[in-house]
Amino acid sequence: MSGALAADARVQGGGSALVQPARVVSPLDGLTAALAGEQTLAVPGGVSEYAAVMNAATVTYSVGADPRRRVPVARGPQWSGITGVLRGPDGREVFRSPLPTAYVRWMGDPPPGVAPDGIAELVLSARLTPATGGTHELAIVGFGDFTLTAGGHTLFDGPIYRDQDESDVFRGPAERRFPVELPEGEPIDVVLTQRGGNPGFVWFAIGHAPPSPGPDALLAEAAAAAAEADVAVVVVGTTEEVESEGFDRTTLALPGHQDELVRRVAAANPRTVVVVNAGSPVLMPWADEVAAILLTWFPGQEAGAALADVLLGAKEPGGRLPTTWPRRDADALPVTPTGGALPYDEGVFLGYRADPADPLFPFGHGLGYTDWAYESLSIEDTDALVTLRNTGGRPGREVVQLYIGPSTPDPSRPRRWLAGFAAAEAEPGEAVTVRVPLPERAFQVWDGGWQKVPGTYLVEAAHSVADRRLGTELTL
């Protein structure tokens, strides 16, 4: 397994949506735990046919590429005793709390029983036991007046500010890095103190990066490890610096050397699975070079456990894309204003409704661990009835999508649009019928109010907008 996000996944979006979970299961931890000891993995071939894997599998990890611009927040097995403390003007402690990571953030009121004007210092402390000796980087990430000490030695004492509005701290806090020579296995206490500041609007952290041989060596290590593995799993994605609330992305490309990482690993091992940890579309110039791609979005604190279930076949990846994924930046709509204005010239012809000619993955796309045959489509009152059959070798779930559009092209409306969807579940060989309501709104346009447009419509049952299996006409 490789990729910095394999060991430190993004489990939620940034900005004001961010909360601190009590723990996070990384993809690396989840897969390692799932493959420890005796395992039972689902295999094709029958409803209840399984294969027992009696020997534990070994998961090896190499970073390969780290897309983060800032030093990661201190966390993980090298760090212990992470604690946040609030002190009053007299130096007295007024609040203490253990923390899962060396990161402090809040908006709003201070903890119960603590007056806003009774806070003079915020102290973040932890113990680092280096797993590797050499030049480590400690960092202050934040906005304010700080003192950083390591092993009792002061690394920094002074202000860290930017020429920006104070609210920008949540979109791009400043960072200061400090190289520190540390021997392997010898604990050191690290303390970051923020003085004054603005209680109720706080964001700061201790960052830590272990010694690194450099980008080229990391890529080479990942490729070498992949060549020795039965299956290579690469976790790539966006970072909070490029995808968060409050700013637009300048490109859909993955940050850092992640594309190169995928290409090198895939060249070394044809059984390469790429896990994409992002909240919106990214470019995948290597899509045709890998065996499988799995999109996890921002999966929450049980990310690694859920990912292991899907990779090992215990669960099916049953999601479908709610967006169109382009091949190149030029295929996306512009988001940069010109002369202070951003016209919405596309009207309703947005995303899949614009009928893009060559998307990487179309709206509604998604594969599972079985196959489906669509057998019949009929209209009954205001519902569409779709019968389909599981033609694969194991139980599965299919999302039946219903698209409608005018039978005779109308240049004022898209060729087709999503009218509804329903999930079907079936055993191998089993047929199932789903009922998909056709809402009245699906046949209306806005013209000073919602107005029904009479005429003949083509109703299609589909696996995705680009994979339409059955069609019938409906006249209003």
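How many residues does helix α3 have, and how far does it reach from its first C-alpha to its last? Helix α3 (residues 215-228) has 14 residues and reaches 21 Å, close to the 20 Å expected at 1.5 Å a residue. The views below are of a predicted model, in which local features need pLDDT of at least 70 and side-chain atom pairs count only at pLDDT 80 or more, while totals for chains, interfaces and linings use all residues. Residues are numbered from 1 along each chain as its sequence is written, and side-chain values use heavy atoms, with hydrogens and water left out.

**View 1. Helix α3 has a buried side and exposed residues on the other side.** Helices (H or I, at least four residues) and strands (E, at least two) are DSSP runs, numbered from the N terminus. The expected span of a helix is 1.5 Å times one less than its number of residues. L218, L219, A222, A223 and A226 of α3 are buried, where buried means under 20% relative accessible area, exposed over 50% and partly exposed in between (1.4 Å probe, protein chains only). These residues lie on the same side of α3 because they cover an arc of only 135 degrees around the axis; the arc is that of the directions from the helix axis to the C-beta atoms. An α-helix has 3.6 residues a turn, so residues three or four places apart point the same way. D216 and E228, on the other side of α3, are exposed. The cover over the buried residues of α3 includes β13 (232-237) and α4 (258-268), with contact meaning heavy atoms within 4.5 Å.

**View 2. W297 and D355 are loop residues with positive phi.** Most residues other than glycine have a negative phi. W297 has a phi near 55 degrees and is placed in the loop between β15 (292-295) and α5 (303-311). At 28% relative accessibility, W297 is partly exposed. For D355, phi is about 55 degrees, and the loop that holds D355 runs between α5 and β16 (372-380). D355 is partly exposed, with a relative accessible area of 35%.

**View 3. Three strands form an open antiparallel sheet.** The order is β16-β17-β20, and two strands pair if DSSP finds at least two bridges between them. β16 and β20 (431-437) are the edge strands, each pairing on one side only. β16 and β17 (residues 383-390) run antiparallel and are joined by eight bridges. Y374 has L388, in β17, as its bridge partner.
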